[in-house]
Amino acid sequence: MWKWLHPYAKGEATYRLLGAWLPWLSGLAALLMTVGLVWGLFYAPPDYQQGDSYRIIFIHVPAAMFSMGAYTGMAIAALIALVWQIRTAEWAIAAIAPVGAVLTFVALFTGAVWGKPMWGTWWEWDARLTSELILLFLYIGVLALYYAFNDARTGAKAAAILSLVGVVNVPIIHFSVYWWNSLHQGATITKFEKPSMPPEMLIPLLICIAGFLFLTAALVTQRLRNEILKQELHRPWAQQQLGVEVNHGV
Amino acid sequence: MSVVLEAQQLTSVRAGRTLFSDLSWQLAAGEILHIEGPNGAGKSTLLRIVAGLLQPLEGNVLLFGQPQREDPEHWQRQTLFIGHKPAVKAELTALENLYFQSRLDGVQLDDPWQLLETVGLLGLEDIPAQQLSAGQQRRIALARLFYSQAKLWILDEPFTALDTRGIDLLHQRFAEHLEHGGALLLTSHQPLTWSGERLQRLRIEAADE
Amino acid sequence: MNNASTWQLISCIMRRDLAVALRRRSDIINPLLFVVIVVTLFPLAVGPGPDILGRIATGVIWVAALLSALLGSERLFRDDFLDGSLEQLVLLPAPLPALALGKIIVHWLLSGLPLVILAPLCALLLKLPMDAWGVLMLTLLVGTPMLSAMTAVGAALTVSLGRGGALLSLLLLPLFIPLLIFAAAAVESTLVGTSAYGQVLLLAGLMLLTLTLAPLAVAAAIRVSVN
């Protein structure tokens with residue numbers, strides 16, 4: 001049944017397929033991000049409580065959402081890599097992790113920036129921010145493990161195991177951190193949640209979310225293409241692609 | 001003569017280097033396959049693939065016609081692998097190491113003292129292995145060969161650190177194993193002094209850089 | 001033909017691990033001493049007033065336990081890797097996760113269980129009110145197996161790397177966080193007067209989940225490291 005997927009286990013077919021998607025993904029990303037951000041940052045009405053400083057949510061919320069989404073994607077790639085021994089999936093882990101890590105960092109940074117005008121401090125142990133911080137460490141761990149080995153395949157498999165261990169823990173960590181936060185009644189910066197959002201704010205937010213989705217997808221696709229090329233450099237199709245003859249022994 | 005071990009189109013790439021590709025060979029009962037080649041060429045990798053510690057990039061290994069992937073446990077019960085490192089616990093004495101090792105091999109040692117004597121360790125049995133010489137530690141590891149009933153022996157550099165007496169002892173034991181229909185796969189940089197017929201050689205060269 | 005049963009192999013590995021570990025007493029004692037020393041540092045750092053100390057006691061003891069677990073993690077697989085026993089472990093005709101669980105249990109007996117016994121001493125030094133001591137020991141009893149299991153996962157992943165120490169901390173500490181949160185909260189509840197029952201039960205649940213899943217991850221990681 002899955003025979004049609006078999007060519008994509010190797011590099012070349014996937015490279016070409018991703019190459020076909022990439023312009024669409026990038027185009028949509030650019031379009032949606034521009035529309036969403038311009039609308040949200042300049043045209044949406046100010047919040048009656050937080051004034052203009054709430055506008056950071058147009059970046060913070062999608063970044064946080066996809067930081068977790070990317071981790072899930074990475075874990076799925078890890079599962080495929082381990083169970084079916086598919087090399088493209090191994091490379092996908094390395095492609096997704098840095099993008100996810102950057103998204104997490106953006107979420108943290110924008111969360112901190114949001115906090116400053118509200119609470120006067122650059123950092124509060126808010127449930128979401130704490131959870132994002134831990135997620136950042138999980139991403140860095142996966143990357144560190146991936147590149148710690150001499151043999152790339154061994155590193156990829158180790159990172160895959162770690163991603164799966166992480167993905168099981170992420171909901172547990174999330175739950176425990178939120179619970180801890182409620183226990184200690186810490187400051188909640190991110191109380192600005194969906195229920196009370198009027199459509200003038202909701203729509204640009206949704207557009208930004210869609211924009212981040214395509215941005216993440218485009219970045220991951222580009223990174224995966226690069227990784228495929230790098231790993232398959234010894235094969236003729238890759239050398240042709242680069243228009244370069246690679247000398248053995250380099 | 002029954003084929004004990006068969007390799008089909010084995011290909012292995014490690015750390016970006018292709019060690020061997022499309023390698024096929026057979027090993028029958030009563031035969032030795034001696035894998036030779038320069039250091040780092042891939043001899044140990046081949047052995048480890050056959051033992052089941054490593055997966056080849058492509059290809060299959062079959063024991064008595066059955067692929068390794070299908071029933072690894074069955075494979076493991078029939079195979080004895082001794083790698084580069086002797087797997088001797090430094091803190092335990094020779095006797096304790098033998099005791100645990102034989103249990104792990106599923107063997108009840110009736111007379112451990114006899115075994116110690118055979119491998120030339122009688123009198124050293126109460127000393128923690130870390131205080132023994134490299135050759136003596138290797139003898140503890142090789143003692144497994146003297147009680148093993150596994151059909152296929154896979155040995156990586158078994159003669160390391162052994163003196164001539166030790167080497168002769170091993171040769172004798174190999175001969176007995178082959179008489180009983182066993183098969184042997186080994187690497188060694190030293191040339192094997194062995195009477196020709198049942199010996200096959202396989203040479204793995206480093207790829208031209 | 002190796003006819004040993006799975007149980008025989010597991011028990012043999014466990015007995016061997018125990019025998020080896022008992023010959024290396026310092027490997028067992030040092031992590032415990034570490035906890036006591038860390039505990040001693042806090043009164044020196046924040047002053048000996050019972051209010052502050054009592055407040056932070058649980059947190060300090062648990063964090064010290066986590067750090068000590070990291071320190072003692074090499075013991076699990078490093079020696080086996082270096083002397084070739086780890087590859088022999090992979091080749092045993094028994095399910096590798098079961099063998100891994102056996103090793104984890106032995107590790108816990110020599111690292112987690114002594115900590116439970118050491119806890120009252122630490123509680124005394126940090127002026128934790130005595131009515132919380134029982135719950136502290138209970139959280140350690142239930143939580144340290146989890147600690148051993150997760151440390152085993154990290155240790156198995158990094159055993160073939162030369163200088164895995166700092167990497168191991170990076171990998172494991174985020175995963176320890178739920179354990180830390182619930183264990184500390186359980187003791188806090190007791191101090192405040194509410195029941196810790198719910199949190200302890202939650203900890204027990206997490207522990208069982210970990211002991212079920214971790215051996216699978218450890219087995220996969222060992223196979224990768226032996227590569």
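The structure is a predicted model, and its overall scores are an ipTM of 0.90 and a pTM of 0.89. For chain C the average pLDDT is 92, and 100% of the residues score at least 70.

**The helix pair in chain A**

In chain A, helix α3 (residues 87–119) and helix α4 (residues 127–147) have axes that come within 9 Å of each other and cross at roughly 155°. Because angles over 145 degrees count as roughly antiparallel, α3(A) is described as roughly antiparallel to α4(A). The crossing of these two helices is left-handed. On the α3(A) side, the residues that make the contact include A:Ile93, A:Ala97, A:Ala101, A:Phe105 and A:Leu108, while α4(A) contributes, among others, A:Leu129, A:Leu133, A:Leu136, A:Ile140 and A:Leu143. By residue class, the contact of α3(A) with α4(A) comprises 17 nonpolar, 3 polar and 2 charged residues.

**The sheet in chain B**

Chain B holds an open sheet of 4 strands, in the order β2-β1-β4-β5 and with antiparallel pairing. Strands β2 (17–28) and β5 (66–67) of chain B stand at the edges with a single partner strand each, so that one side of each has no neighbour in the sheet. Further in, strand β1 (residues 3–14) of chain B is joined by 5 bridges to strand β4 (residues 58–63) of chain B, and the two run antiparallel; B:Glu6 stands opposite B:Leu62 in β4(B). Helix α1 (residues 43–51) of chain B lies across β1, β2 and β4 of that chain, and runs at about 125° to β1(B).

**The contacts of chain C**

The contact between chains B and C takes 26 residues from chain B and 22 residues from chain C. On the chain B side, the elements that give two or more residues are α2 (72–78) and α3 (94–104) of chain B. The contact between chains C and A takes 19 residues from chain C and 22 residues from chain A. Here the elements of chain C that give two or more residues are α7 (133–158), α8 (165–192) and α9 (197–226), and α8(C) gives the most, with 10 residues.

Technical notes
Residues numbered from 1 in each chain as written. Chains lettered and ligands numbered in written order. Predicted model: local features only at pLDDT ≥ 70, side-chain atom pairs only at ≥ 80, totals over all residues. pLDDT = per-residue confidence, 0-100. Axes fitted to C-alpha atoms, helices over the stretch in contact; angles between N-to-C directions. Parallel < 35°, antiparallel > 145°, perpendicular 65-115°, else oblique. Left-handed = near helix turned anticlockwise from the far one by under 90°. Contact = placed C-beta atoms within 7 Å. Nonpolar A, V, L, I, M, F, W, Y, C, P; charged D, E, K, R; others polar. Pairing = 2+ DSSP bridges.
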